[in-house]
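This briefing sets out selected features of the structure shown below.

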Amino acid sequence: SDHMENIYGYLMKYTNLVTGWQYRFFVLNNDAGLLEYFVNEQSRHLKPRGTLQLAGAVISPSDEDSHTFTVNAASGEQYKLRATDAKERQHWVSRLQICTQHHTEAIGKNNPPLKSRSFSLASQGSANSPGVQRRPSQNAVSFFNVGHHRLPTGKRVPIMQPDHLVDVREMMSQAEGQQRDLIRSIECLPVSGHLTSLDQDLLMLKATSMATMNCLNDCFHILQLQHASQQKGSLPAGTTINWLEPKISLANHFKNGAAQNFPAEINKPASVREEQSVAEPCQLTREPEEINPDEELEDICDDKEDDLGAVEEQRSVILHLLSQLKLGMDLTRVVLPTFILEKRSLLEMYADFMSHPDLFIAITNGTTPEERMIRFVEYYLTSFHEGRKGAIAKKPYNPIIGETFHCSWRMPKSDVATDAGSNFSAHSASEQVTLSKDLEGQTELDYYTVKFVAEQVSHHPPVSGFYAECAERKMCVNAHVWTKSKFLGMSIGVTMVGEGLLSLLEHGEEYTFSLPCAYARSILTVPWVELGGKVNINCAKTGYSASINFHTKPFYGGKLHRVTGEVKQNMTNTVVCRVQGEWNNVLEFTYSNGETKYVDLTKLSVTRKRVRPLEKQGPFESRRLWQHVTESLRDGDIDKATEHKRALEERQRNEERLRAETETPWCTKYFLKEGDGWVYHKPLWKTVSAVQTQQMDTN
């Protein structure tokens, strides 16, 4: 009760995209259980501009930064707030949580259980009638009997006894059976007619019943922990009681009306049992591993994603999922059905953006800063087409924290565009060897090697780091990307938050760049990918920059996948190159001298990446980690793929929970945190600098 004092002060409140953040004066009224806000402190005596009931609310610190938090009321209303610093946020969050808990418990004590009641508003027509007419006033929910039953009341005891928990578990099992019967009844309805299995009200009923059972399971879990603590006297220090993940998965629970079995642990495949084992934090070595490109073989996988069959068959699952989402909702923690997944990890998708290594290496061959910037823009715009596998929009696997992906490309030197003024041959052979041990004798070979490594460095928020280098040409690229996905109605938007840095060490130039947003459109019919947003590329040393616009298709008219851009010299504000076309078809480059070049991406040669065989990969490398999910998807066994995927995700949650309870930080393997970004542990610019320092000392 000492912490139940009223507090007040200024916070920033997010209003909308137009207005943005605004300072407002907030008052926590502990007695009434209200969070109120006013325009300013002077208007505090007036009627509040807004009020939230805190009973049943959820107070959540945000993953975005250390200042932001949200207040989600039981009514569905949400305040997104920002304090001046982390300490002030913690002060508000803790006071709000105490007030919320107090008033939530008070409601539970003051309100007795509901009396037993049941109702049925089903049509009075015979169940065997060929066509049951649905009256306009008849809600779809009324087609079924819905009952609320009070638990048997008896003498209250201060401590819940074990047999009472058994009774609760038995009643919950009965409720789960009734809920499955309800779902089965809905899905057995015809797909056309007056009342169908795709009726929006019925989909909402399915979602609500599933959410209710999940919540009850969570509450039962908390009761079990509380009972265990009462038996032992108190919970051990550091123990936390958390809400569990949903117990009922979409893909398993809804399969076009088919009854789903939940096999016992002993019946699960050995691979699943292995995936579910909980690894100790940092049990596997987190020391960086040097991958020998000679161990990598040319990739023979060709998983095109043009199959619409699964999407067509599982439309009811998609509709059910959509019924639970709200506009603007963050999808980072939403478990999506397995059948919409690509057969590769997001980390491998980033590697596929490097499928034109000849254009990448040719950047540094430009004789002037202007030419090098134009070449980088050409490479950048040709990288997105191969990053997509097929015309159907599917989602790569969400990487597990600590997951890595390695590959390389070998590019014949004769296939890389060069210029007479290129000075790369002036570097001594001894310097080439010192740059990378993997390239000993490489000066005698007729190909360049581009090496790539990616790592999932964070789970919440989901951040990936990736790095590629061509040591012979003294060029490398380092990037980190935080994927933020949101539900937009009939599409899903993914924002790529982060920055990339291309280093051309021969010229001492660095190019910063960002990535466009991606959209999965028409998710109820034939989903397809669209890119959108403005991207900037800058080179501070030379003063050249590029501005690229990925245009989304307007509602009426317009072309798909359109992109425009220009390269200019900032000092003189002179445009030296313009580009237009489609990022997945034909691009037109117009230069300042009047020349025009066309690039047909559909005919552009793709260099296959080289990957180590599965048996030589580590347990956290993408293809080995997801191999059972991928194999099941190739075989068309969605249920088995879902089972393997759930096992991996459950292992990740268990490990994360264990790290939190033991206060053990996660150890990354290849990338180090620097400021707001992530940098490869041994970037080429550090190696080159060390070599140059060593040579100077020798001289």
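Helix α10 is mostly covered, with eleven of its 14 residues buried; buried means under 20% relative accessible area, exposed over 50% and partly exposed in between (1.4 Å probe, protein chains only). The model is predicted, and local features need pLDDT of at least 70, side-chain atom pairs count only at pLDDT 80 or more, and totals for chains, interfaces and linings use all residues. Residues are numbered from 1 along each chain as its sequence is written, and side-chain values use heavy atoms, with hydrogens and water left out.

**Helices**

- Helices (H or I, at least four residues) and strands (E, at least two) are DSSP runs, numbered from the N terminus.
- The buried residues of α10 are Arg 372, Met 373, Ile 374, Arg 375, Phe 376, Val 377, Glu 378, Tyr 379, Tyr 380, Leu 381 and Thr 382.
- From its first C-alpha to its last, α10 reaches 20 Å, close to the 20 Å expected at 1.5 Å a residue; the expected span is 1.5 Å times one less than the number of residues in the helix.
- Helix α15 (residues 638-662) has 25 residues and reaches 36 Å between its first and last C-alpha, close to the expected 36 Å.

**Cavities**

- Five cavities of 30 Å³ or more are found in a search of the whole structure.
- On a 1 Å grid over the protein atoms alone, a cavity is a set of points where a 1.4 Å probe fits but cannot get out, and lining residues have an atom within 4 Å of a point.
- The largest cavity has a volume of about 210 Å³, a volume being the space filled by probe spheres set on the grid points, which are joined across faces, edges and corners.
- Of the 14 residues that line the largest cavity, Phe 353, Met 354, Tyr 379, Phe 466 and Phe 513 are the closest to its centre.
- Helix α10 (residues 369-382) supplies the largest share of this lining, three residues.
- The lining of the largest cavity comprises 13 nonpolar residues, one polar and no charged; Ala, Val, Leu, Ile, Met, Phe, Trp, Tyr, Cys and Pro count as nonpolar, Asp, Glu, Lys and Arg as charged, and the others, Gly among them, as polar.

- Strands β15 (residues 463-470) and β16 run antiparallel and are joined by eight bridges; two strands pair if DSSP finds at least two bridges between them.
- The bridge partner of Gly 465 is His 480 in β16.
- Four residues lie between β15 and β16 in their hairpin, and Lys 474 in the turn has a positive phi of about 50°.
- In β16 (residues 475-487), eleven of the 13 residues are buried, so that the strand is mostly covered.
- β16 also pairs with strand β17 (residues 492-504) in the antiparallel sense, over 13 bridges.

- Eight bridges connect the antiparallel strands β22 (residues 562-569) and β23 (residues 574-582), with Gly 565 opposite Val 579 in β23.
- Asn 573 takes a positive phi near 60° in the hairpin of β22 and β23, which has four residues between the strands.
- β23 runs antiparallel to strand β24 (residues 586-591), and five bridges join the two.

**Cysteines**

- Zero disulfides are found in the whole structure, a disulfide being a pair of cysteine sulfur atoms within 2.5 Å.
- Cys 470 is buried, with a relative accessible area of 0%, whereas Cys 667 is partly exposed at 31%.

Notes:
On a 1 Å grid over the protein atoms alone, a cavity is a set of points where a 1.4 Å probe fits but cannot get out, and a pocket is an open set with protein on both sides within 12 Å along at least five of seven lines; lining residues have an atom within 4 Å of a point.
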